[in-house]
Amino acid sequence: MPNAISHLQARPEPVAGLVWAWPLSAVAGVGVQLQAASLHSLAVYVVAAAVGVASAVACNQRVRGAPNSVVWAGLIMVALALSAWGFTGVRAVVHDRDRLDSVWEGRDVAVQGRVVGLPVRSAQSMRLMLA
């Protein structure tokens, strides 16, 4: 019976030791984006995310059975960092559009409306849902 299940056992590859580092490379890509002083255009981030994902998939296909699979695993890590940087940038650009214009900062504003929810207090403010 050992021969019947021997084909189900995967042979160990050098890449298996680096799999734990792949999520860390994605976190590194997010961290680099969060430290940026300004945002690029949406197109830059979309291209970076697409190239990163395509590169990671291509490297993953190449890594199977490659004699220097550790190098390919490193390339996958770079591709994952690039795609995480791109996806984080896309999200930042999209949410930046909802930002209040800097002209309104520090100004008092009179708002009229009907309160439709209970106020939510924090240490520095109180929020009300208006209709």
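Is Ser-25 buried or exposed? I looked this up first, and Ser-25 is buried, with a relative accessible area of 7%. (Buried means under 20% relative accessible area, exposed means over 50%, and partly exposed is in between, using a 1.4 Å probe and protein chains only.)

Before going on, a note on what I'm looking at. This is a predicted model, where local features need pLDDT of at least 70 and side-chain atom pairs count only at pLDDT 80 or more, while totals for chains, interfaces and linings use all residues. Residues are numbered from 1 along each chain as its sequence is written, and side-chain values use heavy atoms, with hydrogens and water left out.

**Overall layout**

I looked up the secondary structure and got four helices and two strands. Along the sequence they follow the pattern α-α-α-α-β-β. (Helices are DSSP runs of H or I with at least four residues, strands are runs of E with at least two, and numbering starts at the N terminus.) Of the 131 residues in the protein, 19% are buried.

**Ser-25 and its helix**

Ser-25 sits in helix α2. I skipped its neighbours within four places in sequence and found Ser-25 in contact with Met-77, Leu-80 and Ala-81.

The axes of α2 (residues 21-34) and α4 (residues 69-96) come within 7 Å and cross at roughly 40 degrees. That makes α2 oblique to α4. (Axes are lines fitted to C-alpha atoms, for helices over the stretch in contact, with angles from 0 to 180 degrees between N-to-C directions; under 35 degrees is roughly parallel, over 145 roughly antiparallel, 65 to 115 roughly perpendicular, and the rest oblique.)

I sorted the α2–α4 contact by class too: 13 nonpolar, five polar and no charged residues. (Ala, Val, Leu, Ile, Met, Phe, Trp, Tyr, Cys and Pro count as nonpolar, Asp, Glu, Lys and Arg as charged, and the others, Gly among them, as polar.)

**Aromatic pair**

How many aromatic pairs does a search of the whole structure find? I got one. The ring centres of Tyr-45 and Trp-85 are 4.9 Å apart and the planes are at 55 degrees, so the pair is tilted. (Rings of Phe, Tyr and Trp, using its six-membered ring, pair if their centres lie within 6.5 Å; planes under 30 degrees apart are stacked, over 60 edge-to-face, the rest tilted.) Tyr-45 is in helix α3 (residues 42-63) and Trp-85 in α4, so the pair ties together parts 40 residues apart in sequence. Tyr-45 is buried at 0% relative accessible area, and Trp-85 counts as buried at 18%.

Technical notes: Contact means heavy atoms within 4.5 Å.
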